[in-house]
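Please keep the sequence and the model in view while reading.

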Amino acid sequence: MSKKILLEHIDVPGIETLAVYREKGGYASVEKALKTMTPDAIVEEVKKSGLRGRGGAGFPTGMKWSFLAKPEGVARYLVCNADESEPGTFKDRYLMEKIPHALIEGMITSSFALGANTSYIYVRGEYFYIIKILEKAIADAYAAGWLGKNILGTGYDLDLYVQAGAGAYICGEETALLESLEGKRGNPRIKPPFPAIAGLYGCPTVVNNVETIAAVVPIVNNGGDWYAGIGIGKSTGTKLISASGHINKPGVYEIEMGITVEDFIYSDEYCGGIKNGKKLKAVVAGGSSVPILPAEMILTTANGEKRLMSYESLADGGFATGTMLGSGGFIVMDETTSIVQNLHTFARFYHHESCGQCSPCREGTGWMEKILHKILDGHGTLEDVDLLWEIQRKIEGNTICPLGDAAAWPVASAIRHFRHEFEEYVKNPAAIKDVKHYHNMHKLATA
Amino acid sequence: MSEIKFNDETLALVQSIIKRYPEGKQKSALLPLLHLAQAEFDGWLSAPVMDYVASLLNIKPIEVYEVASFYSMYNLKPVGKCLLEVCRTSSCWLRGANEIVAHIENKLGIKDGETTADGKFTLKTVECLGSCGTAPMLQIGADFHENLTFEKVDALINDWSNKTEHSKYLDNSTFRKN
């Protein structure tokens, strides 16, 4: 059974409006928090809930909040990361488009908990139509007294603003996002200091993903223990999964953590199985950065147990046989997919998106793209496959921010699990032509 | 060339946007202002336009250039009236993005990154736009066109052939006047 918390009212006509959102109990968490709870009590509930960052890193949200420095007389900021750019991920866009007030309510309640009086939602610039939706929702929230001075007569003031990005994946990294919000290039900062100590304008700052902020609403309404009772083990609550690729029903699904991967792919409630009756070949389970796994490994752990949609189960076996939940960007590939060609789109992506600060990433991502291009052009050698492996190994762990790792892992996992495919292309370039021919001729014919 | 200056309505909006940030942190308004400038000044950012934005924020022109050249949505060269941005990353590739690009190239007689001779269309392939579940897709201005087929692409091109305005990511009603 699907468990809908964030998306409970997604199908209610007009739920994007303040009036209908209120009818369905919207903004109750703001009333409860501002009138009956202390900021510390809210942080405590979020800690108890076990909520983990939904942008990809999975860091416990309550703990992140508790690190926030509170020097006397210094402003604190809450910044929402809506720079959703991890290939395969489109859940935040869905949430903001369909239920914008869920994010705004979460921002108010969370800002109160953190003692922030000015908060920002940083939205990727490509989502300008979403920015328009959020701006309208914020204007309505101001008019109804949920934002501005002396909210609900409690003496709490909050201003909430939307900031537009301008096309840069790296701004999803929290310190790059803060640089961008300050009107600069999105170059990640060296940590420490962490944003909790010195973030926006050098002030203590918390940066949280859209889905994380939205989850604070039901946690405050129903209590941390209630939320912790949903899900499995340390993967509490629900997760929005963006499902794409060769499946019958692409889309955003809210799942209770702990359902099996098999169920998610094949059940009609979710992806509805592989398109055109084809067989499953591979899955990228958590956005482009996480290791790709062949069908048998994504469905079953090395111990022979069914793999579950949870932080722990997806990571079971480490990178040798496992992967990561990441952002929940779930990309499914059927038996006809060329893993090398798919990897080339990822390598090109990371090369394009590297900010250029650290040489291993700036140079390495370019070389990986070039070598993959060479192999796909029919001029690859077996040494090229080893060189790809060496380059990714030298990027991983050697950069200021995690983009380097994110660029390395897809290459490493593709070689680890599909080395035979690289070698086939090297030894028999005609095989590449067959694959490219297939893609050219049949992809849209079956659309 | 006419004087580079925002119209009065945009200037009022600029002042409202600057107020979103603390005193002395007006540089934070740079990205939104560059978007407004691109929308008002023919879809791209010339050096004089960037200098004008620098003057509005009381920052050095180099602070604007280094930002404008970092982000992919700012065009530093003129583009066609209709900028077709086609996503090509994994999920879109899996569902036919390469074929969409080839179709547009054939139909318009241009390659990726080029503009048609009549200045109507520019084709640009871009990285993941967060439309993976509705792939393949392309963006024109703020609009996402999803689950593309050749027929849908043909209809869009036909539609834009007759328009005179520039495709835009935003207009003066996008940002709230606080």
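A:Tyr122 stands opposite A:Gln163 in β4(A), where helices (H or I, at least four residues) and strands (E, at least two) are DSSP runs, numbered from the N terminus. The model is a predicted one, in which local features need pLDDT of at least 70, side-chain atom pairs count only at pLDDT 80 or more, and totals for chains, interfaces and linings use all residues. Residues are numbered from 1 along each chain as its sequence is written, while chains are lettered from A and ligands numbered from 1 in the order in which they are written.

**The sheet of chain A**

- Strand β2 (residues 118–123) of chain A pairs with β4(A) in the parallel sense over 6 bridges, two strands being paired if DSSP finds at least two bridges between them.
- These strands belong to an open sheet of 5 strands in chain A, with the order β3-β4-β2-β1-β5 and mixed pairing.
- Because β3 (148–151) and β5 (205–209) of chain A stand at the edges, each with a single partner strand, one side of each is left without a neighbour in the sheet.
- From one strand to the next, the twist averages 25°, with angles running from 0 to 180 degrees between N-to-C directions and axes being lines fitted to C-alpha atoms, for helices over the stretch in contact.
- Helix α9(A) packs on the sheet, touching β1 (77–82) and β5 of chain A, and its direction makes about 95° with that of β5(A).

**Domains of chain A**

- Chain A is divided into domain 1 (18–229), domain 2 (232–334) and domain 3 (339–446), with bounds that come from an automatic or database domain assignment.
- The C-alpha centres of domain 1 and domain 2 of chain A lie 27 Å apart.
- Their contact takes 20 residues from domain 1 of chain A and 21 residues from domain 2 of chain A, residues being in contact if their C-beta atoms, placed from the backbone, lie within 7 Å.
- On the side of domain 1 of chain A that touches domain 2 of chain A, the elements giving two or more residues are α5 (91–98), α9 (210–222) and α10 (224–228) of chain A, and the largest share, 3 residues, comes from α5(A).

**Contact between chains A and B**

- Chain A places 54 residues in contact with 46 residues of chain B.
- The largest share of the side of chain A that touches chain B, 7 residues, comes from α7(A).
- That side of chain A divides into 23 nonpolar, 21 polar and 10 charged residues, where Ala, Val, Leu, Ile, Met, Phe, Trp, Tyr, Cys and Pro count as nonpolar, Asp, Glu, Lys and Arg as charged, and the others, Gly among them, as polar.

Definitions and conventions
Contact = placed C-beta atoms within 7 Å.
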